[in-house]
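This briefing sets out the fold and packing of the structure shown below.

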Amino acid sequence: MKFAVLVFPGSNCDIDMFHAIKDELGEEVEYVWHTATSLDGFDGALVPGGFSYGDYLRCGAMANQSNIMSALKEFAAQGKPVLGVCNGFQILTEAGLLPGALIRNKNLKFMCRTVQLKVENNRTLFTNGYEEGEVINIPIAHGEGNYYCDDETLASLQANNQIVFTYEGENPNGSLADIAGIINKEGNVLGMMPHPERAANEIVGGADGLKLFKSIVKQWREQHVNN
Amino acid sequence: MKKVKIYVTLKESILDPQGSAVQGSLQKIGYGEVSDVRIGKYLEVTIEDTDRDIDTIVKEMCEKVLTNTVIEKYRYEVEEA
């Protein structure tokens with residue numbers, strides 16, 4: 001399986017993402033610069049964390065105007081897996097690929113620590129390797145991870161099981177319904193504030209994030225590889 | 001040429017922790033009358049004379065890029081520049 005890691009000016013988790021795929025997961029991966037206009041040849045797209053365009057105007061707003069975003073929207077419309085982490089999640093909401101918005105943390109602090117997440121939905125291509133209700137440890141590092149949407153959108157997210165991860169125990173940023181990660185209705189675009197790519201090997205304190213990437217590959221192999 | 005003054009504010013339903021912190025500071029230094037502070041953004045956009053309708057292009061720019069309508073609202077004024 002071949003992954004693209006999108007890179008914008010100010011992305012800073014692109015190398016971690018690349019490493020997780022290449023060295024921990026053992027799959028093919030390439031960087032794709034924001035000026036590129038195509039994602040042809042890729043099977044999955046990863047939008048990494050960081051501070052694209054210095055968070056000017058709003059987090060993700062400038063990145064959403066990049067050339068690569070038209071290609072990403074087309075890629076998503078084809079049903080291919082798209083994962084946005086942290087700033088990547090913010091970019092996906094700005095792009096309208098996921099509903100809602102990420103606003104300033106309620107306590108105004110930049111929160112950088114490992115948190116507990118509950119896997120609310122393991123029937124997705126990103127979470128099939130987890131147990132339903134499993135509690136996992138994944139690091140967060142953000143100042144604007146407070147998920148917000150209107151009541152109607154929240155009801156729709158809940159009705160369609162689109163809330164994939166919630167914060168277990170302490171909610172670090174004030175996000176609505178303790179939301180840490182959501183998926184689109186079609187089930188192929190996931191956005192999450194916590195960083196699974198930073199939890200891909202026990203040597204860095206945990207490997208709970210690696211299962212997410214393994215889930216993507218497992219689903220892809222079942223669909224594309226003839227045994 | 002026109003100068004467009006755009007005011008972007010958070011919708012009333014959105015919590016503004018930054019505004020709340022500033023309100024607290026103002027009250028602490030003796031302005032107990034301050035009952036709320038909401039922080040927004042102000043943009044000045046200068047636009048060359050054009051055949052396109054200025055209200056249309058300002059609204060388009062606001063809704064495509066300058067604001068996120070999920071959380072923000074905007075108003076604007078057009079002046080001769």
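**Sheet, core and chain contact**

Strand β1 (residues 2–7) of chain A runs parallel to β2(A), and six bridges join the two. Strands, like helices, are DSSP runs numbered from the N terminus (strands: E, at least two residues; helices: H or I, at least four), and two strands pair if DSSP finds at least two bridges between them. The model is predicted: local features need pLDDT of at least 70 and side-chain atom pairs count only at pLDDT 80 or more, whereas totals for chains, interfaces and linings use all residues. Residues are numbered from 1 along each chain as its sequence is written, while chains are lettered from A and ligands numbered from 1 in the order in which they are written.

**The sheet of chain A**

- In β2(A), A:Glu28 is the bridge partner of A:Lys2.
- Nine strands of chain A form an open sheet with mixed pairing, in the order β2-β1-β3-β4-β11-β10-β9-β6-β7.
- β2 (28–33) and β7 of chain A are the edge strands; each has a single partner strand, so one side of each lacks a neighbour in the sheet.
- From one strand to the next, the twist averages 25°.
- Strand β6 (residues 111–119) and strand β7 (residues 135–142) of chain A pair in the antiparallel sense over eight bridges, with A:Asn137 in β7(A) as the bridge partner of A:Gln116.
- β6(A) also pairs in the antiparallel sense with strand β9 (residues 163–167) of chain A, over three bridges; here A:Phe165 in β9(A) is the bridge partner of A:Val119.

**Helix α3 of chain A**

- Helix α3 (residues 87–94) of chain A packs on the sheet, touching β3 (44–47), β4 (82–85) and β11 (189–192), and its direction makes about 120° with that of β4(A). Axes are lines fitted to C-alpha atoms, for helices over the stretch in contact, and angles run from 0 to 180 degrees between N-to-C directions.
- Eight of the eight residues of α3(A) are buried, so the helix is largely enclosed by the rest of the structure. A residue is buried if 20 or more other C-beta atoms lie within 10 Å of its own, exposed if 12 or fewer, and partly exposed in between, with C-beta atoms placed from the backbone.
- The buried residues of α3(A) pack against β3, β4, β5 (101–103) and β11 of chain A.
- Just after α3(A), A:Gly96 takes a positive phi of about 80°.

**Nonpolar core**

- The largest nonpolar core has 74 residues, and those with the most contacts inside it include A:Ala4, A:Ala45 and A:Leu72. Such a core is a set of buried Ala, Val, Leu, Ile, Met, Phe, Trp, Tyr and Cys residues joined through C-beta atoms within 7 Å.
- Helix α2 (residues 68–77) of chain A gives the most to this core, with six residues.
- Leaving aside residues up to four places away in sequence, A:Ala45 touches several residues, among them A:Leu6, A:Leu39 and A:Phe75. Contact requires C-beta atoms, placed from the backbone, within 7 Å.

**A:Ile216**

- A:Ile216 lies in helix α5 (residues 210–224) of chain A, and its 27 C-beta neighbours inside 10 Å make it count as buried.
- Beyond residues up to four places away in sequence, A:Ile216 touches A:Gly44, A:Pro81, A:Leu125 and A:Phe126.

**Contact between the chains**

- Twelve residues from chain A and nine residues from chain B take part in the contact.

Notes: Two residues are in contact if their C-beta atoms, placed from the backbone, lie within 7 Å.
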